[in-house]
Amino acid sequence: MNAKSRRDFLRSCVASVSLPLLENRAWPQVHPKLPAIPLPYWSTRLERFIDPLPIPQRIHPEGKRGGALFYRVRMREFEKPLHSQLPPAKLWGYEGQCPGPLFEAMRGVPISVEWANELPKQHLFPIDTHIHGAASPAPAVRTVPHLHGSRTDSRSDGLPEAWFTPGHSVVFHYPNDQQAAPLWYHDHALGITRLNVYAGLSGFYFLRDGEELRMNLPAGDYEIPLVLQDRTLDKHGQLNYCPTYDDGTEAAPGRWGPQFFGELPIVNDAIYPRLDVEPRRYRFRLLNAANSRFFHLYLNLAGKPTDVPKLATFYQIGSDGGLLEAPVPLQRILLGPAERADLIVDFSSLEGKIITLSNDASAPYPGWDLLREIHPPLLELMQFRVVLPLTRSVRAFTMPSSIPLPPVDPADEVVTRDFVLSQRSDAQGKALAMLINNKGYDDPATVFPKLGSVEKWRFINTTDDSHPMHVHLVQFRIVERQGFDFGAFLRGKLEFVGQPRPPAPGEAGWKDTAIVNPQEVLTILIRFEGYEGKYVYHCHVAEHEDNDMMRPFIVVSAGAKPA
Ligand code: C2O
Ligand code: CU
Ligand code: CU
């Protein structure tokens, strides 16, 4: 079956069979007028690779409070051109920066951050008040920052309903009691996360520890954060948020759509930037901070994006939650929204060369060829030019050979939980909502893991698209992925097909976000450590998370009765 007919097949199955898991519930009907997809405008007009890559500024503490370093971060509206040939765009940013300022924290050194909402009362984008949590009387401008990947007390986790309005602030505490990892912070306000993040509310948070520092990894000017996003600009160079349906048609103005794909690639908030580098090793910290777009990245030495790619090998040394057991040589790497990668690239034999950071992931991912016409992949993101002289003698650095990673022992597992990911569609097959076990965020919690226990979670994807599933509070391990028989599933049985596949080597370390592909089951093992209380798990496609592929879970004390 080709992808298109498989999609129709799935749709007809979901539409015709009423299974408890996929049952329908009342939902406002949407009858959007469908404007034609606008043709790419700026991608053919802007000169590529002329602007230097911006590097996020580090933020420094203002002092100490209650034994913790104290930081103050204000969310503000500001203007800045995203490309030197564009007028300034209106953006939202932490400390008036996009991406937000870079936090550098040390394991064992807790910090407190006062997050102040100093945004205007008017949102940059229309709010779809049909989305739960965004209906009146909820004000348009609400924010709550979340430190993604961090083991944080629930009260400081930035739960979606803990939002606050302009003129208010909160103080959150981050214990930094976990191994070195590329964490990141972003807005999480209920029902408008996609809009707040798209407006610019995200940033990197490097947690470091002694183990990492002893490795003599490239540091300072040679450690470069790369925050990858995509955006669409109107003819005046202002942000345009225009979500689409699976078939590429745009959602009605101001209404929710299941995905957003921008026309332009953004790296550290610059369009098609370039970085001049020395012929030496660099460490690149990658973050996919896009709303919906997956990036399948490679370093291309070929002259043009249409030439046969000539790939440079690089090494992945870390994933979401810390360093890998051993470096993994790669020529391509896939990052779903919210996934991070810690890479070493050696330019020492590439003097004088130009290398393009390229991407061939389709949108939606994994997609089908038909849609390539509608959302062309963003083939080129940025360029590295190996044109700088070697300024400092290169510090001795050997690739880490092996760091022992404690396993999460499957023998400790006490509960297996299944989470069915589905899409509710209208009669034309257009998405109305994305769901987990046919429930939305407002439905009561059903998941109560015990503090200290190990659970196996299986995400069962009945939709056509991949979902990057994220769990707050924890770093987990991927056990495997395996296909399942969709027909049997509709009859109420989970029957696996094919062989289970272990995680790719670059995913074999600590993860807080993992991709589950269409018609596959993703199995992960989680140890619930640190805190009791309420947390959330959700798809990190921001459009899905907002409506309504997000659910609460509550960590209960070890002695609690089983729920
Ligand atoms: Cu990156 Cu619930 O978040
Ligand atoms: Cu998170
Ligand atoms: Cu999703």
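Trainee: What makes Gln519 count as buried, partly exposed or exposed?

Mentor: Set its value against the cut-offs. Buried means under 20% relative accessible area, exposed means over 50%, and partly exposed lies in between, with a 1.4 Å probe and protein chains only. Gln519 has 21% relative accessibility, so Gln519 counts as partly exposed. Before we go on: this is a predicted model, where local features need pLDDT of at least 70 and side-chain atom pairs count only at pLDDT 80 or more, while totals for chains, interfaces and linings use all residues. Residues are numbered from 1 along each chain as its sequence is written, chains are lettered from A and ligands numbered from 1 in the order in which they are written, and side-chain values use heavy atoms, with hydrogens and water left out.

Trainee: What is the phi of Gln519, and where does Gln519 lie?

Mentor: Gln519 is not a glycine, yet its phi is positive, about 55 degrees. Most residues other than glycine have a negative phi. Gln519 sits in the loop between β31 (513–516) and β32 (520–527). Strands here are DSSP runs of E, at least two residues; helices are runs of H or I, at least four; both are numbered from the N terminus.

Trainee: Which residues coordinate the copper ion (ligand 3)?

Mentor: His467 (ND1), Cys539 (SG) and His544 (ND1), at 2.0 to 2.1 Å. Donors are N, O and S atoms within 2.8 Å of the metal (3.2 Å for Na, K and Ca), and water is not among the atoms, so sites may look incomplete. The donors follow the spacing H-x71-C-x4-H along the chain. His467 is in strand β28 (residues 467–471) and His544 in helix α5 (residues 542–546), so the pair ties together parts 77 residues apart in sequence.

Trainee: What holds the copper ion (ligand 2)?

Mentor: His146 (NE2) and His470 (NE2) coordinate that ion, at 1.9 Å. His146 is in strand β7 (residues 145–148) and His470 in β28, 324 residues apart. His146 is buried, with a relative accessible area of 1%. His470 is buried too, at 1%.

Trainee: What is the peptide bond from Cys98 to Pro99, cis or trans?

Mentor: Cis, with omega near -15 degrees. Pro99 lies in the loop between β4 (89–94) and β5 (100–106). Ser136 and Pro137 are also joined by a cis peptide bond, with omega about 10 degrees.

Trainee: How do you know that β33 and β34 pair?

Mentor: Two strands pair if DSSP finds at least two bridges between them. Strand β33 (residues 533–539) and β34 have six, in the antiparallel sense. Tyr537 has Arg551 in β34 as its bridge partner. Five of the six residues of β34 (residues 550–555) are buried, so β34 is largely enclosed by the rest of the structure.
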